[in-house]
Amino acid sequence: DYIIQFFTLQNNFETLIVNMKCFNLIKYIIDYLVSRSMVGTKLSIQAAHEQINPSELLEDAIYLDKKEIERCWTSDHYMPWWNTGASGGAAWPWMGAALAKTTKLVIGTGVTAPILRYHPAIVAQVFATLAYMFPNRVFLGVGRGEALNEVPSGNIWPSNKEKFKRLRESIKLIKKLWTEDWVNFKGEFYS
């Protein structure tokens, strides 16, 4: 299976987001678009760690960089989505490896959940380190997570209301840690 989606943005750019499960087909599509100099087309690729092993995804990222693809979103899942042929690579070390092996590709998460499995301070530290080492090539996408990825690490799955409150508070803490020299923080969930 593969996923190909076109999105038309306000400024008439088209973005192609492709799930890397069927990368041979994706390479064909990328080669076709690049050979046609598709003006105004921006390509974004999703590196799905729950589906593909990290070594193959790294090879794919190197290929994308050579083809001047602009952005790669990496899933940040703890558990694979199925039992057969699944993978469960960790997004953050893979990002460091992919950034080190490429020169232009911008890489980030889609999405990291800084509410249970990851403390927001650790998220801030990891992404500040990556941004320092690879300026203007790292982004952090955040969200509330999924029980599939948060509960197996020993967490109790909270209500939607609590997840939103945790996410809001974690974003506030991450931003403070990125912008202030010394941070004193006492929130409802994190301190």
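Where is Glu68 found? Glu68 lies in the loop between helix 2 and strand 4 (71-74), where helices (H or I, at least four residues) and strands (E, at least two) are DSSP runs numbered from the N terminus. The structure is a predicted model, in which local features need pLDDT of at least 70 and side-chain atom pairs count only at pLDDT 80 or more, while totals for chains, interfaces and linings use all residues. Residues are numbered from 1 along each chain as its sequence is written, and side-chain values use heavy atoms, with hydrogens and water left out.

Most residues other than glycine have a negative phi, and most peptide bonds are trans. Glu68 is not a glycine, yet has a positive phi of about 60°. With a relative accessibility of 58%, Glu68 counts as exposed (buried means under 20% relative accessible area, exposed over 50%, and partly exposed in between, with a 1.4 Å probe and protein chains only). Asn136 likewise has a positive phi of about 60° without being a glycine. Its place is the loop between helix 4 and strand 6 (138-139), and at 77% relative accessibility Asn136 counts as exposed. A cis peptide bond runs from Gly110 to Val111, with omega near 5°; Val111 sits in the loop between strand 5 and helix 4.

Turning to the aromatic side chains, a search of the whole structure finds four aromatic pairs. Rings of Phe, Tyr and Trp (its six-membered ring) pair if their centres lie within 6.5 Å; planes under 30 degrees apart count as stacked, over 60 as edge-to-face and the rest as tilted. The ring centres of Trp92 and Tyr118 are 4.2 Å apart and the planes stand at 25°, so this pair is stacked. Because Trp92 belongs to helix 3 (residues 91-101) and Tyr118 to the loop between strand 5 (106-109) and helix 4 (120-133), the pair ties together parts that are 26 residues apart in sequence. Both Trp92 and Tyr118 are buried. Phe189 is partly exposed, at a relative accessible area of 24%, whereas Tyr190 counts as buried at 5% relative accessibility.

The axes of helix 2 (residues 54-66) and helix 3 come within 9 Å and cross at roughly 30°; axes are lines fitted to C-alpha atoms, for helices over the stretch in contact, and angles run from 0 to 180 degrees between N-to-C directions. Pro54, Leu57, Leu58, Ala61 and Ile62 of helix 2 make the contact with Trp94, Ala97, Ala98 and Lys101 of helix 3, contact meaning heavy atoms within 4.5 Å.

Pro152 is found in the loop between helix 5 (147-150) and helix 6 (160-179), and is partly exposed, with a relative accessible area of 43%. Leaving aside neighbours within four places in sequence, Pro152 is in contact with Tyr78, Met79 and Ala147.
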